[in-house]
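Good morning, colleagues. Please look at the sequence and the model on the screen, and I shall then take you through one interface and one residue.

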Amino acid sequence: VDSRVQSARDTFLHFLADNLTSVTIHPRRRDANDPSADELAENAVNVEFTGVSFGPDISEQQAAIDVIYTDERTAVDTVAQLWNLFQSAYYTPLLNYTTLTPVATGTNLMWDKTAVRFRRVYSGDYTHYTCLLPLKFRAV
Amino acid sequence: MSLASAVISKVNSALTTVKATDRVVCKRLLSRGGGDPLIGRVGSVVVTDTVLNPQPAVFRQPVEITTSQTSRSSVSTYSIIASPDSLSESDLSNKDIILVFKNNAGTLLEEVFINSFVPYVIDGTVVGWKITARSVVRG
């Protein structure tokens, strides 16, 4: 059975992909069976999980969200879609995806919707916005 | 025979004669299916290995040493000179193709991901590839 931090990652990816069906969500991870999995994807929302910290009540998993498009207008629209999604709620049920049918854990995955900030990253190759979003959950 | 064809023939001959690798280099096609790819839970992975012919010249550039309980591994980047007869541009651009190194007994030694590839072109035709690759899985 997965750890809660793994469930937090899986839940967040599905929260994005299931709600933004017209947007390509590219989870960046090291995967020996998927050579391009840890590369930045263009015309997509890249999600990479960085630092994690554990507490007796609330734990935190950082999600780095990189919006990368060759067309600036599409990038801005995608940033707006993400911002709207994060404003529509401040939590989603934390699910365990050990099996293909996710199982509720009885807790939630939360974020501070007032602290969603997208920063422009200069690139001569594409339009790039980045957001570092702390995700909160109960690890035990 | 065109100039480019003649050069490719020479490249193939030189690679075969020099045999500048102590590994058996294969291209590996990864086919993933089923499961939930979004969260990295793939139902099945099928690999298809094809031995490169001619074998490329492989130059190892160690960048880090890691250890296991029984051995030491050299985490490396590789410079590889390959013939277009063994690897096509579509092979090198395919995000599901990697290179694997085996010993003569066929035991897998290392898996490497292709970082970049540069063509050597003569008369408008690719006559060789310079590939850089990074070690991902060490046996």
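Let us begin with a pair that spans two chains: Asp38(A) forms a salt bridge with Arg134(B), and their closest N and O atoms lie 3.4 Å apart. By salt bridge I mean a side-chain nitrogen of Lys or Arg within 4 Å of a carboxyl oxygen of Asp or Glu. Across the interface of chain B and chain A, the rule finds three salt bridges.

A word on conventions. This is a predicted model, in which local features need pLDDT of at least 70 and side-chain atom pairs count only at pLDDT 80 or more, while totals for chains, interfaces and linings use all residues. Residues are numbered from 1 along each chain as its sequence is written, chains are lettered from A and ligands numbered from 1 in the order in which they are written, and side-chain values use heavy atoms, with hydrogens and water left out.

How many residues does each chain give to the contact? Chain B gives 18 residues and chain A gives 20, contact being heavy atoms within 4.5 Å. About 1600 Å² is buried between the two chains, with carbon and sulfur atoms giving 54% of that area; buried area is the accessible area (1.4 Å probe) that two parts lose on being put together, summed over both. Leu38(B), Ile39(B) and Arg41(B) supply 39% of what chain B buries against chain A, more than any other three residues.

Finally, I turn to Asp66(A). Asp66(A) touches several residues beyond four places away in sequence, among them Leu40(A), Val45(A) and Tyr129(A).
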